[in-house]
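Please walk me through this structure as a tutorial, taking one feature at a time and saying how each is read.

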Amino acid sequence: MTIAGGCQCGAVRYSLQGGPYPVYACHCRECQKQSASAFALSMPVPVQAFAIEGTLDEYCRPASGGRSTDGFFCPACGTRLFHRSSASGAFVTVKAGTLDDASNIQVRAHLWVSRKQPWVTLDPEVPAFDTQPEDMSAWRERLMEDAP
Amino acid sequence: MTIAGGCRCGAVRYTLAIDALPPTYACHCHQCQRWSGSAFSQQAIVPEAAIAVTGPVAVYEKVTEDRTSTQRVCGTCHARIYNVNTRRPGLAVVRAGTLDRSEELECVAHIFTASKQRWLALPEGVPQWPQAPPAEALAALLGAKRPR
């Protein structure tokens with residue numbers, strides 16, 4: 001199975017092998033600013049399953065402990081496509097809204113609901129964290145393993 | 001009093017010369033999903049003259065048949081700040097997730113819900129349109145909530 005996605009202008013395209021991959025929503029302030037919307041949608045994918053076509057630009061953001069998170073975007077239209085953390089090089093985190101068809105994605109968890117915009121209603125069946133799991137890398141790996 | 005906001009990394013800051021947080025609406029079209037990387041774009045409409053921006057702004061233009069949309073984003077982290085559109089001279093569409101008090105925002109309408117991601121439940125009683133709304137109807141909703 002191949003899932004495809006890309007930027008707004010079409011200059012950058014990507015494809016994912018396997019899946020479907022789980023998606024989580026993060027409602028923290030930083031994700032609201034980065035997405036310029038109410039929350040970010042992140043889809044972790046193993047790097048070996050991820051292929052990109054086209055030229056990317058990169059925004060490198062220093063994180064705690066000398067680590068960094070790199071955001072990759074299309075230089076022609078500015079669309080943010082995926083992130084990669086130096087803490088966990090085994091996967092990339094795809095911005096799920098850039099999938100060609102995001103209509104059927106399944107959101108498996110909500111992070112930082114303490115910052116959630118009040119009008120956003122959550123499914124009580126979906127796990128929600130006030131902030132975020134203590135060990136994000138381990139949590140993400142479990143999330144991927146548990147995906148149907 | 002002014003309302004303030006900025007990008008993810010803090011390099012771009014802006015103020016809106018308005019008295020209260022503006023009402024917002026969500027657009028669920030495919031283009032807005034891609035650009036936000038999330039489920040929808042969330043926006044507030046303000047007079048362009050009410051925005052004052054500082055910092056390194058990058059500009060992306062999208063030209064379609066009847067309009068040119070000029071997107072202003074942070075030149076460093078590429079968070080989207082606002083856009084103007086030749087069809088709506090004098091008005092700016094602010095990407096509301098970049099407001100400093102985004103956690104307090106209300107969402108008074110949902111548009112292009114025909115392409116809404118299925119996992120997302122919209123609050124009952126909030127006006128929604130499967131495609132574009134009649135311009136007057138959306139303007140009335142956005143105006144009716146101002147000032148709070």
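**Around B:I81**

Q: Which residues does B:I81 touch, not counting residues up to four places away in sequence?
A: Two residues are in contact if their C-beta atoms, placed from the backbone, lie within 7 Å. In this predicted model, B:I81 touches B:C7, B:V12, B:Y14, B:V53, B:R72, B:V73, B:C74, B:R95 and B:T98, with residues up to four places away in sequence left out. Residues are numbered from 1 along each chain as its sequence is written, and chains are lettered from A, ligands numbered from 1, in the order in which they are written. As the model is predicted, local features need pLDDT of at least 70 and side-chain atom pairs count only at pLDDT 80 or more, while totals for chains, interfaces and linings use all residues.

Q: Which residues have the most contacts inside the largest nonpolar core?
A: In soluble globular proteins, nonpolar side chains tend to be buried together. A nonpolar core is here a set of buried Ala, Val, Leu, Ile, Met, Phe, Trp, Tyr and Cys residues joined through C-beta atoms within 7 Å, where buried requires 20 or more other C-beta atoms within 10 Å of a residue's own. The largest such core has 70 residues, and those with the most contacts inside it are A:C26, A:L41, A:L81, A:A96, B:I81 and B:V94. Of the 148 residues of chain B, 41% count as buried.

Q: What is the strand order of the open sheet in chain B?
A: Strands of a sheet pair through backbone hydrogen bonds, either parallel or antiparallel. Strands are DSSP runs of E with at least two residues, helices runs of H or I with at least four, numbered from the N terminus, and two strands pair if DSSP finds at least two bridges between them. The open sheet of 7 strands has the order β6-β7-β8-β9-β4-β3-β10 in chain B, with mixed pairing; its edge strands, each pairing on one side only, are β6 (57-64) and β10 (107-111). Within it, β3 (residues 24-27) of chain B runs antiparallel to β4(B) and is joined to that strand by 3 bridges, and B:Y25 stands opposite B:Q43 in β4(B).

Q: How many residues does each chain bring to the contact between the chains?
A: Chain B gives 35 residues and chain A gives 34 residues. On the side of chain B that touches chain A, α1 (30-36), β4 (41-47) and β7 (67-74) of chain B each supply at least two residues, and α1(B) gives the most, with 5 residues.

Notes. A residue is buried if 20 or more other C-beta atoms lie within 10 Å of its own, exposed if 12 or fewer, and partly exposed in between; C-beta atoms are placed from the backbone.
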